Every structure is written in C-alpha cells, then in structure tokens.
Amino acid sequence: MQLLVSPSSIEEAKSSLSADIIDVKKPSEGSLGANFPWVIQEIKKIAGKKPVSAAIGDNEYKPGTAALSAYGAAHAGADFIKVGLMFDGIDRARDVIEAVTTAVKREFPEKYVVIAAYSDFQRMGTISPFAISQLVADAGADVAMIDTGIKDGKSTFAFMDEEALTRFVEQNRDLGLQTALAGSLKFEDLDALKRINPEIIGVRGMVCGGDRTATIRVELVEKAMKMLV
C-alpha cells in the first residue's frame, strides 16, 4: 500500500518527499482542485524519481474540457492524472472516462489515469463508486478511486464502511484495476485501511495536523509512512 500525499505548493512538496507519491492539487478549488501546470513542473523536479500525481478537478460533464486538462497535466510531467466525476449517469461517466484516458494514453501510454467517484455521492447526487469500475476498465484507465466530494471534516468512513470499501477494492482487482482511497482519512483509520488493502491511500488533512487548510508537516508524513509498514 502506497502513501500519496497532496501538497498545494512547491514548499509543501518539499515537506512531502518521504511519501511514495507526491500529488499536486489546489485544495481551495475543491476536493480534486487542479493546480497550475508550472507548479506540476516544479514539483516534478523536486520529486526526482518519485512519481508525481496531478488532480485536474471535480469535473462537471464536459468531456472535452476534462480531456484537454488531462493532456495538459500529462505534458506538465504528472505520472498519475486524476479526474473526479462530479455528476451522475453511466453514459456520461463513460464519455468523460474515455475522453480523459484517450487524451493521456495516446501519447503517454506509460502514465496512469485515475478516475475518482465520491463516497458521499448520495448527498451530492453524483455517480456511485461501484458504478465506475467497469467503465474504468473498459476505457483502459488504471486506477478507480474514492474520495469525499464535500470537505466538511467527514471522512470516507462516514459514508462507506469497511465492508463496502473492501468490496470496492475486490471489484477493481477482479477487473485488473488498482484502487486508491482518500477522503479526510485519519491516523486512526490506518488499521482498517491495512485490512482493506488498496494499492494507494491519499491524504492531506492527516499530515496537516487534521486541518487540510493548514500546512503539511514533515514529521506527520514520516509517521504515516511508518504506520503503513
């Protein structure tokens, strides 16, 4: 299980280097808010050989916009390109997933496409995470992800229990996909996450001392890494 940490700036990225994956996002623009391409480029330089992930937004149903954003993130140096589906509907989700995957994979087949749905989908009226796995596999993307869409301190575990998250991971593995789990996760969630055993867990608030609007702390990233061993 790899730890993905989401700095919002170049300075925060320097505090995140003990993580397995450095994720570039802009928390002020949403759960999966997109940062600037030059920030991705600079963090890629800082990360060295470590993979860099980039969020491209909590996307409405705009396949062209999502595809162009994904292509830009890939060109800026991101190894993982991550898009959130902030809408409902199987056919519409298929359109966006296929557009994003094609935009990345045609030129960068070695890069990973991450498709995220939200654990709190019912309160947001967006697509269920369980509905995206087959679409992700069919499109040739790599990772199906769960995050929280509304950042109000409630974690993914407030909306999906351990059994449901385990089922999601197993569903993805059966389709040849990796799983990433995120969403206001806390240190006390790590034991359950080890049992669920996704390939990737994504954190920000956990390593900011509990407040995702605060600053990432080196010692908390190191603590999380040690707890995952």
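Predicted model: local features only at pLDDT ≥ 70, side-chain atom pairs only at ≥ 80, totals over all residues.
**Helix α2**
- Helix α2 spans residues 37–47, and its buried residues are V39, I40, I43 and A47.
- Viewed down the axis of α2, these buried residues fall within an arc of 100°, so they line one face of the helix.
- An α-helix has 3.6 residues a turn, so residues three or four places apart point the same way.
- W38 and K45 are exposed on the other side of α2.
- The cover over the buried residues of α2 includes two helices, α1 (10–14) and α3 (63–76).
- That cover also includes two strands, β2 (21–24) and β3 (52–59).

**Burial of strand β6**
- Strand β6 runs over residues 143–147 and is mostly covered, with five of its five residues buried.
- In a regular strand the side chains alternate between the two faces of the sheet.
- On one side of β6, V143, M145 and D147 are buried.

**Neighbours of β6**
- Strand β5 (residues 112–118) pairs with β6 in the parallel sense, over five bridges.
- In that pairing, Y118 stands opposite D147 of β6.
- Strand β7 (residues 178–181) also pairs with β6 in the parallel sense, over four bridges.
- Here I146 stands opposite L181 of β7.

Technical notes:
Residues numbered from 1 in each chain as written. Heavy atoms only, no water. Buried < 20%, exposed > 50% of the residue type's maximum accessible area, 1.4 Å probe, protein only. Arc of directions from axis to C-beta. Contact = heavy atoms within 4.5 Å. Pairing = 2+ DSSP bridges.
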